[in-house]
Amino acid sequence: TSSSSSSSCKPGATYPVRFKALYTDGGVDENLYQQYWCDLAFECNAWGAYCSKVSPNVNVLGIIQTPSAKEQAALQHRAFLADRCRFAAGRMLARVPLPPLDGPPTRRQSRYYAKAGATLLRWSTSALERLYCALYASRRSLEPVGRSLELGLTQATAPGGSAPGAGDAEAVEALLSEKYHEILRLRLGSDGAEAVKDANPAEVLQALSSAYS
């Protein structure tokens with residue numbers, strides 16, 4: 001993805017643009033169009049890839065388009081999950097101590113958490129969702145690593161641009177619970193919902209980090 005100015009926008013405003021693949025002469029590996037279609041060549045991510053049937057010298061034809069509302073919502077969803085899970089990832093993978101729920105992290109902690117968040121953004125959406133659900137389930141048992149989902153909620157990270165105020169426990173619960181049940185309802189299904197209830201966050205994170213290392 002990239003940014004470009006437009007005469008129809010406010011002066012100095014930018015909007016994201018990307019290429020949308022229309023045709024390739026390289027085919028698609030194993031005819032798995034939904035998994036390996038050449039449009040993935042234009043996706044700025046590390047969890048999808050275009051795999052051609054023939055090589056080398058494969059040509060891909062694409063057009064420039066602005067992202068749809070669905071694509072923007074998917075990016076916001078991923079950003080929220082990575083932001084909420086970065087504290088647990090920093091704690092369990094780098095052994096960075098968790099800051100208090102009512103206080104800011106140290107400068108050193110912030111650097112590690114930023115790195116953890118950047119790493120999580122390279123994971124697939126389903127992997128982020130599994131980790132979030134495992135952490136949410138442990139949060140209900142008041143485990144510190146699960147309660148790390150509450151750390152640093154701001155307007156920038158909350159869906160819709162609104163975050164609970166300091167000490168607003170009910171609003172925090174509503175925000176995190178809404179995302180948890182959204183994932184169970186739309187992504188995991190009933191079987192997945194049952195499986196994630198007793199998931200151990202450390203085991204989930206270790207398994208996922210090994211897969212993406």
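Arg107 sits in helix H3, which covers residues 107–120; helices (H or I, at least four residues) and strands (E, at least two) are DSSP runs, numbered from the N terminus. The model is predicted, so local features need pLDDT of at least 70 and side-chain atom pairs count only at pLDDT 80 or more, while totals for chains, interfaces and linings use all residues. Residues are numbered from 1 along each chain as its sequence is written, and side-chain values use heavy atoms, leaving out hydrogens and water.

**Positive patch**
- Arg107 counts as exposed because its relative accessibility is 71%, where exposed means over 50% relative accessible area, buried under 20% and partly exposed in between (1.4 Å probe, protein chains only).
- On the surface, Arg107, Arg108, Arg111 and Lys115 gather in a patch of positive charge.
- Patches are made of residues with over 30% relative accessible area and no salt bridge, joining like charges within 9 Å and nonpolar side chains (Val, Leu, Ile, Met, Phe, Trp, Tyr) within 5 Å.
- A salt bridge is a side-chain nitrogen of Lys or Arg within 4 Å of a carboxyl oxygen of Asp or Glu.

**Nonpolar patch**
- Leu22, Tyr23, Leu61 and Ile63 make a nonpolar surface patch of about 400 Å².
- Strand E2 (15–24) and strand E3 (60–65) are the elements that give two or more residues to this nonpolar patch.
- Leu22 belongs to strand E2.

**Cysteines**
- You will find zero disulfides here, a disulfide being a pair of cysteine sulfur atoms within 2.5 Å.
- The sulfur of Cys133 is too far for a bond, because the closest cysteine sulfur, in Cys85, is 9.0 Å away.
- Cys85 is buried, with a relative accessible area of 0%.
- Cys133 is buried, with a relative accessible area of 0%.

How values were computed
Areas by Shrake-Rupley, 256 points an atom, 1.4 Å probe, with all protein chains shown as cover. Lys, Arg positive; Asp, Glu negative; His and termini not counted. Charge placed at Lys NZ, Arg CZ, Asp CG, Glu CD.
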